[in-house]
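Please read it beside the coordinates.

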Amino acid sequence: MPTKLSPEMILAALSKVQEPELHRDLVSLKMIRNLEIKGDAVNFTILLTTPACPLRTSIEKAAREAVLTIPGVKTVKINMDSSVPNDGRQRGLLELPVRNAIAVASGKGGVGKSTISTNLAVALAQTGARVGLLDADIYGPNLPTMMGIHDLPDTVGNKLIPAEAYCVKLMSMGFLVKPGQPLIWRGPMLNSAIRQFLTDVEWGELDYLIIDLPPGTGDAALSLAQALPLSGVVIVTLPQAVSLEDASRGLEMFRTLEVPILGVIENMRGEFFGSGGGEDLARVAKVPFLGAVPMESSVRIGGDTGQPIVVTEPDSAAAQALKSIAGQVAARISVSALEENSPPKINLI
Ligand SMILES: Nc1ncnc2c1ncn2[C@@H]1O[C@H](COP(=O)(O)OP(=O)(O)OP(=O)(O)O)[C@@H](O)[C@H]1O
Ligand SMILES: [Mg+2]
């Protein structure tokens with residue numbers, strides 16, 4: 001007759017299972033919830049720090065195997081759930097119910113920041129996360145076109161309601177000025193426009209707010225980085241050396257501003273621009289390499305027609321790369337939240 005199963009036995013087995021990104025075990029990370037033992041059947045929930053966790057199947061498998069090694073356990077039922085740590089409030093994100101604000105930046109223009117911001121936001125939303133997308137390119141807003149939406153809903157009270165497409169909430173200067181109309185603003189006005197996009201817009205609760213930055217390391221990027229406490233920034237670069245010098249300048253600017261660098265994305269990899277530069281930059285700057293997106297005409301067409309490639313051609317190489325990058329970004333955010341306040345702030349039940 002085997003000994004009766006106890007919660008302690010199950011937790012002891014699970015405390016040997018590591019969360020591969022966070023390098024701590026599932027029990028001390030308080031990821032095991034709702035443990036139930038019914039005879040020889042064990043049920044529990046694993047609470048991930050992001051629904052976009054790229055390692056969810058391997059964590060589930062390792063946990064299942066660990067519990068099945070306990071004598072007397074016949075079946076293991078695992079419910080995978082998630083709760084994104086609230087980094088935003090910790091950083092005093094203008095009192096917004098935004099858990100993590102992530103900027104997408106580069107040293108220079110035209111490298112694919114807006115394309116990547118759009119697809120990252122949609123890919124995160126596809127995992128079930130609550131996602132907002134802020135077009136901080138006040139002078140050259142492209143996101144309404146890339147998301148295929150051109151009007152805001154009616155305002156409610158004195159708050160702007162963001163547009164919504166592909167389950168992502170979107171705010172852009174493109175909704176407020178007519179196409180082709182020039183905007184001539186100076187630094188302080190730019191700063192206050194971006195602040196208003198945060199404070200006067202009814203974002204609701206968000207797990208991730210993706211912020212598409214204007215090109216360059218100029219005023220706009222600088223004032224945004226100072227106006228808003230960012231959880232982190234991803235740096236987009238083209239594969240070739242000249243672009244890398246610009247990307248490196250961008251990266252160093254954020255480092256100086258003490259914004260965590262989540263990693264480098266190489267965009268437009270292929271015969272035309274080559275490959276490998278993103279990895280080089282990541283290695284030299286000692287930051288993670290998040291992945292490479294191939295150059296594919298369907299990526300551009302998706303942007304031009306307002307149909308992001310992660311929606312229209314989810315199995316294409318570019319969409320797969322973008323989805324994997326979204327998972328990496330979410331994982332890096334979880335790691336940086338843990339490093340700042342270990343263990344992660346997830347509500348105990
Ligand atoms: N992987 C890709 N394959 C093919 N075309 C791409 C890819 N990524 C981006 N593009 C195209 O390259 C052009 C520039 O991209 P995008 O507007 O996203 O760059 P950006 O860095 O935001 O530019 P800006 O600095 O002007 O804001 C767009 O036409 C876009 O569709
Ligand atoms: Mg852009």
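The points below take the ligand first, then the pocket, then the cavity.

1. Basis. This is a predicted model, in which local features need pLDDT of at least 70, side-chain atom pairs count only at pLDDT 80 or more, and totals for chains, interfaces and linings use all residues. Residues are numbered from 1 along each chain as its sequence is written, chains are lettered from A and ligands numbered from 1 in the order written, and side-chain values use heavy atoms, with hydrogens and water left out.

2. Ligand shell. Ligand 1 is surrounded by 18 residues (a residue is near if one of its heavy atoms lies within 4 Å). Gly-112, Lys-113, Ser-114, Thr-115 and Asn-267 are the closest. By class, the shell has eight nonpolar, six polar and four charged residues. Here Ala, Val, Leu, Ile, Met, Phe, Trp, Tyr, Cys and Pro count as nonpolar, Asp, Glu, Lys and Arg as charged, and the others, Gly among them, as polar.

3. Polar contacts (pairs of N or O atoms within 3.5 Å). A backbone N or O atom of Gly-110 lies 2.9 Å from a ligand 1 oxygen. For Val-111, a backbone N or O atom is 3.1 Å from an oxygen of ligand 1. Asn-267 uses a polar side-chain atom, 2.9 Å from a ligand 1 nitrogen. Taken alone, ligand 1 exposes 640 Å², and the protein buries 82% of that (Shrake-Rupley method, 1.4 Å probe).

4. Elements around the ligand. α4 (113-126), β12 (261-269), β13 (289-294) and α10 (297-304) each give two or more residues to the shell. The largest share, three residues, comes from α4. Helices (H or I, at least four residues) and strands (E, at least two) are DSSP runs, numbered from the N terminus.

5. Pocket. Ligand 1 takes up the space of the largest pocket (more than half of its atoms lie within 2 Å of the grid points). A pocket is an open set of points on a 1 Å grid over the protein atoms alone, with protein on both sides within 12 Å along at least five of seven lines; lining residues have an atom within 4 Å of a point. Its volume is about 280 Å³. Of its 14 lining residues, Thr-115, Met-146, Met-268, Val-299 and Arg-300 lie nearest the centre. α10 gives the most to this lining, with four residues.

6. Cavity. One cavity of 30 Å³ or more is counted; a cavity is a set of points where a 1.4 Å probe fits but cannot get out. The largest cavity has a volume of about 30 Å³. Its lining residues include Glu-19, Glu-21, Cys-53 and Ser-334.

Conventions. Polar contact = N/O pair within 3.5 Å; in protein donor to acceptor, adjacent residues only side chain to side chain. Points joined across faces, edges and corners; volume = space filled by probe spheres on them.
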